[in-house]
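Here is a briefing on one protein model. The sequence and the structure come first, then the notes by topic.

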Amino acid sequence: MRTVITSGCFDCLHEGHISFLEKSKALGDWLIVLLNTDEYCRRVKGEGRPFQDFNSRRDALMNLECVDDVLRLDKENACMWLAKEYPRRAYMNTWRFTKGIEYAQQNIVERLMCDNLGIALVFIDSGSPLHSSYFNLLQ
């Protein structure tokens, strides 16, 4: 089985998110979304965020046909989760980690973690002008 993992806040689920998740799922058999907590979203996106609480965001994601599982990222970020879980599960299948194309030129910590673990890091263009920074412009 080919497992695809992504992470994020997915606050105000929109067409860009959905396209990104569908394209992520197309890379494998099982799509896991590591969903950030409300506290994390507030810390990285600012006061007043998230617009939707964790349970609402999780439920919306689980209602998408392309999403197979949503896991809560409590005190850890995606890299910490990968470092902990991959060694225990790597023998089972091939893993890929996806990020939006807007991160491709950035020095993101996931790049180093994926390189160290041998996980393919794939940057996906959702084909939509909507992504997280779009909502920052509205504020």
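**Overview**

Of the protein's 139 residues, 44% count as buried; buried means under 20% relative accessible area, exposed over 50%, and partly exposed in between, with a 1.4 Å probe and protein chains only. This is a predicted model, in which local features need pLDDT of at least 70, side-chain atom pairs count only at pLDDT 80 or more, and totals for chains, interfaces and linings use all residues. Residues are numbered from 1 along each chain as its sequence is written, and side-chain values use heavy atoms, with hydrogens and water left out.

**Confidence**

- The average pLDDT of the protein is 86, and 88% of the residues score at least 70; pLDDT is the predictor's confidence in each residue, from 0 to 100.
- Helix H3 (residues 54–62) has the highest mean among the elements, at 97.
- Helix H6 (residues 132–138) has the lowest, at 50.

**Fold and surface**

- Along the sequence the pattern reads β-α-β-α-α-β-α-β-α-β-α.
- Among contacts with a separation of 6 or more, 69% join residues 24 or more positions apart; contact means heavy atoms within 4.5 Å.

- Five strands form an open sheet in the order E3-E2-E1-E4-E5, with parallel pairing; two strands pair if DSSP finds at least two bridges between them.
- E3 and E5 are the edge strands, each with a single partner, so one side of each has no neighbour in the sheet.
- From one strand to the next, the twist averages 30°; axes are lines fitted to C-alpha atoms, for helices over the stretch in contact, and angles run from 0 to 180 degrees between N-to-C directions.
- E1 and E2 pair in parallel over six bridges.

**Helices on the sheet**

- H1 lies across E1, E2, E4 and E5 and runs at about 140° to E2.
- Helix H5 (residues 109–117) also packs on the sheet, touching E1, E4 and E5, and its direction makes about 145° with that of E5.
- H1 buries Gly-16, His-17, Ser-19, Phe-20, Leu-21, Ser-24 and Lys-25.
- Their cover includes strand E1 (2–8), E2, H3, strand E4 (94–100) and strand E5 (120–124).

**Helix H3 and Arg-57**

- Phe-54, Arg-57 and Leu-61 are the buried residues of H3.
- Seen down the axis of H3, they fall within an arc of 70°, so they line one face of the helix; the arc is that of the directions from the helix axis to the C-beta atoms.
- Helix H1 (15–25), strand E2 (30–36), helix H2 (38–45) and strand E3 (69–73) are among the elements that cover them.
- Arg-57 is buried, at a relative accessible area of 0%.
- Beyond four places in sequence, Arg-57 touches residues including Cys-9, Asp-11, Asp-38, Cys-41 and Gln-52.

**Trp-30**

- Trp-30 is in strand E2, and Thr-3 stands opposite it.
- Trp-30 counts as partly exposed, at 33% relative accessibility.
- Beyond four places in sequence, the contacts of Trp-30 include Met-1, Arg-2, Lys-25 and Asp-68.
- Trp-30 and Val-67 are 37 residues apart in sequence, and their C-alpha atoms are 7.7 Å apart.

Methods
Helices (H or I, at least four residues) and strands (E, at least two) are DSSP runs, numbered from the N terminus.
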